[in-house]
Amino acid sequence: MSSPFIWIVLPGMVALILVFLHRYQVISSILAITLSLTLAGLAWMLEIGEVITIGSWAFIIQEQMTILGRSFVISNLVLPQIAIFYLSFTFWIVGALVIPKPPFFTSLSLASVAVLISALSVQPILFAALLLEVAVLIFVLMLTPMGQSVNRGTLRFLTYQTLGLPFILLAGWFLSGIELQAGNTQEIVRAAVFLGLGFSFHLGIFPLHSWIPMLTETAHPYVTSFVITTLLSIGILFPVGFMQRYPSLNENINLLEIIRLIGVLMVLVGGIWATFQRNLGRVLGFAMIVEIGRTFLAISIPDGDKLLFGLLFPRVISFGVWALCLTKLRAHVEDLKFHTVQGYGRRYWIAGIGIVAANFSLVGIPILAGFPIYSILWERLAVNGFWISLAAIAGSAGLMVGGIRALAVLVMGPDELELEEEQEESFFSNMLILMGVSVLFLMGLFPQWFLPALTSISANFGAPAP
Amino acid sequence: MMISISILILFITPIIILIVERFELRAGYLWLLAMVGAATAWLLILFSRSQAPLLISLMQWKPEALFSASPTLLLDDISWIFAAALSVFPLAVLLTDVVHFADVDPSGWAATLAMTGLGLLAVFAENPITLVLAWAVMDLSETLMLLLRVSTSEQRERVVVALSVRLIGILLIVIATQQARSIGDTLAFNSIPPEVSGLLLLAAGLRLGVLPPHQPFFQEPPLRRGLGTIVRLMPVASSLVILARIAQVGVPLTWQPYLLAVAVISALYGAYAWVQSPNELDGRPFWILGMAAIALVSTIFRLPTATIAWGLALLMSGSVLFLTSNRTRFVSLLSFVGILGASAFPFTPAWAGGLLYSNSGVILMFVIIIAHALLVLGYVRHVLQPSRSLEDVEPWMLIVYPIGLILLMATHWGIAWSQGLANPPGDLVLSFGWWGGVIAFGVVAILMIFRRREISLPSSVSTSLGSILSPEWIYKILWWLFRNLSRTFSAISQILEGEGGILWSILMLILLISLVAQQSVGG
């Protein structure tokens with residue numbers, strides 16, 4: 001048995017079975033939750049390469065698996081990352097239990113995580129691009145439920161992701177060459193440029209970000225949030241791994257400076273645009289752009305990769321709660337435009353609290369989950385230059401204005417729109433939102449409970465430098 | 001240790017009250033429980049003075065290598081003064097609330113205690129992390145409390161505006177922290193680097209409503225008198241303590257003229273609006289604005305004692321008036337003693353505030369005296385206004401009710417006398433520092449004579465004065481700017497998300513790459 005089999009093939013197979021169980025949403029969700037929790041637990045506990053004995057049965061888990069001549073490698077080093085990915089996935093599936101969602105959400109989301117992990121672990125790296133595209137196609141299926149026409153946000157998403165594919169393929173091709181002829185700096189720079197371009201499309205780097213707000217405006221909020229946060233959390237490891245494998249890059253093209261510039265641009269663009277939005281979904285989209293920027297800022301500082309996984313949990317929970325609440329609201333209104341949802345925060349006040357708490361958490365308002373990790377990030381940036389830190393906080397300020405405007409819209413409006421329909425709200429979804437909000441507060445007040453474990457996880461997924 | 005226990009008591013007692021309330025216990029017992037909690041906390045805070053200076057770590061944020069600071073409390077001279085002042089508030093509220101016993105509100109008592117606990121956390125904050133945590137909890141609780149109680153869309157809008165202003169204040173503190181880090185320092189309130197004091201002052205000034213002058217609540221939210229006073233004054237106290245700390249290091253010289261100009265306009269505007277207010281509760285935001293602006297001017301002049309004196313006067317004299325719902329002759333007399341607390345008369349608690357008069361130039365001194373006089377005039381006017389009497393209450397209430405007010409004043413005078421705030425502000429007996437308060441009272445007397453003889457400004461002049469001093473025009477400009485920027489960004493979004501959006505994006509990307517390439521490779 002090999003580690004790729006456990007964390008890629010097995011979930012892939014279960015995802016296939018879940019496709020057939022799509023009519024039984026609760027059963028398939030429970031199956032997916034059980035599996036992902038088991039996979040996360042195994043990743044946390046198992047030691048690859050050591051003899052494992054269960055009763056009279058003894059075996060060793062190999063770190064490599066070969067399919068059609070391609071190797072998939074999952075070593076001990078990356079197991080904590082795998083555990084975090086499956087734990088995050090569990091969170092999304094638990095949230096999805098209480099909202100209306102596309103029928104194949106559970107199976108496709110499980111498949112997408114397995115495919116993205118396979119993209120991270122495939123060697124040669126050239127094939128990662130193809131696996132990424134497979135993941136994107138799965139995402140498109142999730143975003144466009146059967147029988148519905150593709151919305152313009154999904155179309156733009158597919159276009160940009162596909163435009164990024166050739167660049168990543170070229171980068172992979174160059175990298176394969178580099179691994180044969182060690183020390184070729186010129187080739188490394190070329191590979192970096194192509195990889196950078198490819199991931200600019202993939203991660204929605206400014207000015208290629210338009211698909212994000214389009215998607216959050218038009219598609220299912222919960223599915224969209226899952227797609228973007230998963231893509232960001234796993235996708236960002238490609239460039240990070242690349243930087244760690246070729247540290248000489250920074251000497252040649254000031255890579256860290258460029259990444260910092262991208263980060264500042266993203267945070268500012270996201271923050272400024274969030275200020276002026278008139279649609280709750282779009283505010284969510286620009287919050288995601290700010291978060292992408294923060295991730296880039298984190299990897300631009302020395303030892304910043306330690307912050308990557310520290311950023312991940314507050315991000316997943318904040319976006320999860322936010323998307324859950326928007327989905328709940330969306331079930332009662334035509335769209336998420338400000339004038340449509342005016343006053344609905346009073347009628348569905350738990351959803352209203354969730355939206356505002358999640359938004360404020362992503363701003364970095366104290367006592368919420370984002371604050372401790374963002375304050376570390378801002379401090380680290382300030383040591384490198386006050387203006388960069390200031391720009392990062394300015395982005396947060398823009399997002400805060402977006403959140404304040406959303407709050408105003410949710411609580412204002414016609415006075416007769418009172419709590420009359422409060423009882424109609426589902427008990428479980430309310431409980432889940434309140435639990436999510438409580439976790440946001442706990443993480444904000446007691447970061448010592450989770451940050452030490454998360455900041456000790458290595459961000460290097462790939463093989464060592466040649 | 002004593003301050004930790006007192007804060008803990010202020011958080012635990014409300015929980016017990018809310019739990020016990022469910023068992024339909026008589027309100028009197030709940031009131032007694034709240035009283036015991038409040039009194040214990042107050043005494044503990046008073047006695048904690050002997051332990052100063054003291055650092056108390058609330059918890060250690062980990063990993064320690066990544067966090068430069070963790071939530072910590074600091075007990076020193078400045079924090080103790082404001083904490084002692086704040087800790088008497090719940091007692092005063094509970095005691096003065098007895099005249100409303102028919103309209104009993106245990107959850108209001110619980111909220112009063114909890115808000116005081118939060119206020120104490122903010123006042124004792126040793127570093128920005130502790131302060132912003134306390135501020136955020138206070139702001140979010142206040143917002144939630146108000147949103148649950150206000151009934152019109154307009155009021156809800158004001159609540160959200162108030163929250164947004166406070167949150168900007170928090171962000172300014174965060175920025176100040178980062179600025180300190182960028183110069184290789186770690187910001188702690190007992191050693192503020194002079195480079196960041198300007199930003200801290202902006203944060204505190206913004207939360208006080210002084211920089212720029214603004215009033216989130218043109219109309220006071222519908223809270224009970226006692227709880228309303230606590231809700232309005234706790235955030236103010238936690239900002240005043242920052243002012244007092246900034247006053248120890250001063251603000252950058254280049255900032256001073258601008259800050260002074262805005263603070264003086266705020267003082268005049270607040271004082272003028274306070275006099276014009278129909279009653280003390282509607283005028284409360286303007287009393288806070290006017291007095292806080294004078295405290296802020298003292299901070300700019302690097303006068304910590306004066307800042308504390310004006311700050312305490314704002315809190316203590318103000319609360320005497322705000323908590324007085326019913327008046328007998330004796331209670332009115334107490335209110336006049338309350339005015340003395342803010343008068344800067346020799347040997348009164350705000351006498352050290354007179355330092356401002358002896359340290360500012362003649363013109364500024366004149367303007368501040370006018371603002372001070374208007375604030376005192378407004379106070380007198382509100383005290384003299386007819387109010388409900390105490391005839392229809394039970395006899396024991398007649399005794400308990402004024403005790404609340406007496407406690408407030410005793411604490412104010414006690415703190416002032418023990419901490420040297422009522423000491424002479426300078427050596428020269430014939431200085432403005434000594435007699436500034438008396439001059440202000442002289443102006444009040446003249447203004448009162450004018451009023452009595454019905455000599456007042458023509459209404460057109462009065463209206464124009466109000467418009468000039470009011471900051472509304474600033475907000476109109478800002479709103480215009482926001483609308484136009486909104487249109488611009490919306491247009492850019494439409495281009496990027498439209499049919500030709502992909503081409504536009506790629507064009508922009510090429511431009512960006514060429515710029516970056518020039519900078520990083522071509523150099």
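Tutor: Strand β4 (residues 70–73) of chain A pairs with β3(A) in the antiparallel sense, over 4 bridges. The model is predicted, so local features need pLDDT of at least 70 and side-chain atom pairs count only at pLDDT 80 or more, while totals for chains, interfaces and linings use all residues. Residues are numbered from 1 along each chain as its sequence is written, and chains are lettered from A and ligands numbered from 1 in the order in which they are written.

Student: What makes β3(A) and β4(A) a pair?

Tutor: Two strands pair if DSSP finds at least two bridges between them. β3(A) and β4(A) have 4 bridges, so they meet that definition. Within the pair, I67(A) stands opposite R70(A) of β4(A). The strands themselves are DSSP runs (E, at least two residues), as are helices (H or I, at least four), and both are numbered from the N terminus.

Student: In which order do the strands of this open sheet of chain A lie?

Tutor: The order is β3-β4-β5, with antiparallel pairing.

Student: Why are β3 and β5 of chain A called edge strands?

Tutor: β3 (64–67) and β5 (122–123) each pair on one side only. In general, strands of a sheet pair through backbone hydrogen bonds, either parallel or antiparallel.

Student: How do you know whether α1(A) and α4(A) are roughly parallel or roughly antiparallel?

Tutor: Compare the angle with the cut-offs. The axes of α1 (residues 3–20) and α4 (residues 105–121) of chain A come within 8 Å and cross at roughly 155 degrees. Axes are lines fitted to C-alpha atoms, for helices over the stretch in contact, and angles run from 0 to 180 degrees between N-to-C directions. Under 35 degrees counts as roughly parallel, over 145 as roughly antiparallel, 65 to 115 as roughly perpendicular and the rest as oblique. α1(A) and α4(A) are therefore roughly antiparallel.

Student: Which residues of α1(A) and α4(A) meet?

Tutor: Among them are W7(A), I8(A) and L18(A) in α1(A), and L110(A), V113(A) and I117(A) in α4(A). Residues are in contact if their C-beta atoms, placed from the backbone, lie within 7 Å. This contact has 13 nonpolar, 5 polar and no charged residues. Here Ala, Val, Leu, Ile, Met, Phe, Trp, Tyr, Cys and Pro count as nonpolar, Asp, Glu, Lys and Arg as charged, and the others, Gly among them, as polar.

Student: What makes α5(B) and α9(B) roughly parallel?

Tutor: Helices α5 (residues 106–123) and α9 (residues 225–249) of chain B cross at roughly 5 degrees, and their axes come within 9 Å. That angle falls under the cut-off, so α5(B) and α9(B) are roughly parallel. Among the residues that meet there are M115(B) in α5(B) and M234(B) in α9(B). By class, the contact has 11 nonpolar, 6 polar and no charged residues.

Student: How many residues does each chain give to the contact of chain B with chain A?

Tutor: Chain B gives 43 residues and chain A gives 41. On the side of chain B, α7(B) has the largest share, 15 residues. That side comprises 24 nonpolar, 14 polar and 5 charged residues.

Student: What is the form of the peptide bond from F206(A) to P207(A)?

Tutor: That bond is cis, with omega near 5 degrees. P207(A) is in the loop between α7 (185–202) and α8 (211–218) of chain A. Another cis peptide bond joins K62(B) and P63(B), where omega is about 0 degrees.

Definitions and conventions:
Contact = placed C-beta atoms within 7 Å.
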